[in-house]
Amino acid sequence: MTLLDIKGLKVYYYLPDAVVRAVDKVDLSISDGEILGIVGESGSGKSTLGLSIVKLVPPPGRIVEGEILFERVNLVKLPEKEMSKIRGKKISMVFQDPLTSLDPLMRIGDQLVETIVTHQNLSEEESRKMAKKYLEMVGIPGDRLRDYPHQFSGGMRQRAMIAMAIATSPRLVIADEPTTALDVIVQAQIMKLFSKLREELGISFIIITHDISIVMEVADKIGVMYGGHLVEYGSVEELYEEPLHPYTKELLRAVPNIEVKDVELRYIPGDPPDLSNPPPGCRFHPRCPHAMDICKEEIPDKRFRNEHMVRCHLYG
């Protein structure tokens, strides 16, 4: 069953002298119990996409066009009073930097209890028992409830944020760059935690990251964003075995392979586009090794190979 269905979404930032087209006509969906990875370089629009789902796009940004259907309700048209009943309760978000998201003056347990009390009709005593349960569920001993955020490591703070996100029994959790600034061991642990919580609680996850290799370990589907466009979308197996878009291929080639000796590190030449003045045609064409004349003139339509979508002129 489809849980979230995004259709023709446009999110622009209106600056005094420019309009930044951060998300430009994006379509995607996620089903119950699925893990969807959204990948792309910095400035591709993936974080804005995540914020738009919970209607937290900061000014001067706003949703210009499109639908965000959650449980068949269009969130775009929902008044803030109604949206506040969904945000945090049915859709939770794990933000990029847990150190700035957690209140440094409040104990971890108190912050968890506050989250539970806000969204569930429970006493403080019952909420504290639940707080301990969810903290232990993400791999932190229950007796650490009395600790402050500065007493936790980076990985533990991220786990605490995940505990807060799942403590309201949401149907969807959006994790924005959940492994940033963590070492590779902790990154793998956080990804395994998402997979475990999906299996135990049936929660759907959208994991936003610049690292395509780490999200491929746990995701069912991958959406690749470039220059505000969703340029490829399909199952992990399809993208790994037969990536279609040149940008996806370059992202995968840039992943280091520790099993191969003396391998040359690859990178994608050039810079991401300025979304206040994007190039005409396909936004990847200035960096694309396969660019043709039509790529410089026309934005490619969506092409499908079964359910595997790509926006590229290479596919007629």
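Arg305 is partly exposed, because its relative accessibility is 38% (buried is under 20% relative accessible area, exposed over 50%, partly exposed in between; 1.4 Å probe, protein chains only). The model is predicted: local features need pLDDT of at least 70 and side-chain atom pairs pLDDT 80 or more, while totals for chains, interfaces and linings use all residues. Residues are numbered from 1 along each chain as its sequence is written, and side-chain values use heavy atoms, without hydrogens and water.

The structure has 20 salt bridges (a side-chain nitrogen of Lys or Arg within 4 Å of a carboxyl oxygen of Asp or Glu). Arg305 meets Glu242 in one of them, at 2.7 Å, N to O. This pair links Arg305 in strand β11 with Glu242 in the loop between α9 (236-241) and α10, 63 residues apart (helices, H or I, of at least four residues and strands, E, of at least two are DSSP runs, numbered from the N terminus).

Asp32 and Arg171 form a salt bridge at 2.5 Å, N to O. Asp32 belongs to the loop between β2 (18-31) and β3 (35-39) and Arg171 to the loop between α6 (154-166) and β7 (172-176), so the pair ties together parts 139 residues apart in sequence.

Lys221 and Glu34 form another, at 3.7 Å, N to O. Lys221 is in strand β9 (residues 221-226) and Glu34 in the loop between β2 and β3, so parts 187 residues apart in sequence are tied together.

| Residue | Relative accessibility | Class |
|---|---|---|
| Asp32 | 33% | partly exposed |
| Arg171 | 27% | partly exposed |
| Glu34 | 15% | buried |
| Glu242 | 43% | partly exposed |

Through shared partners, salt bridges join Asp32, Glu71, Lys90 and Arg171 into one network.
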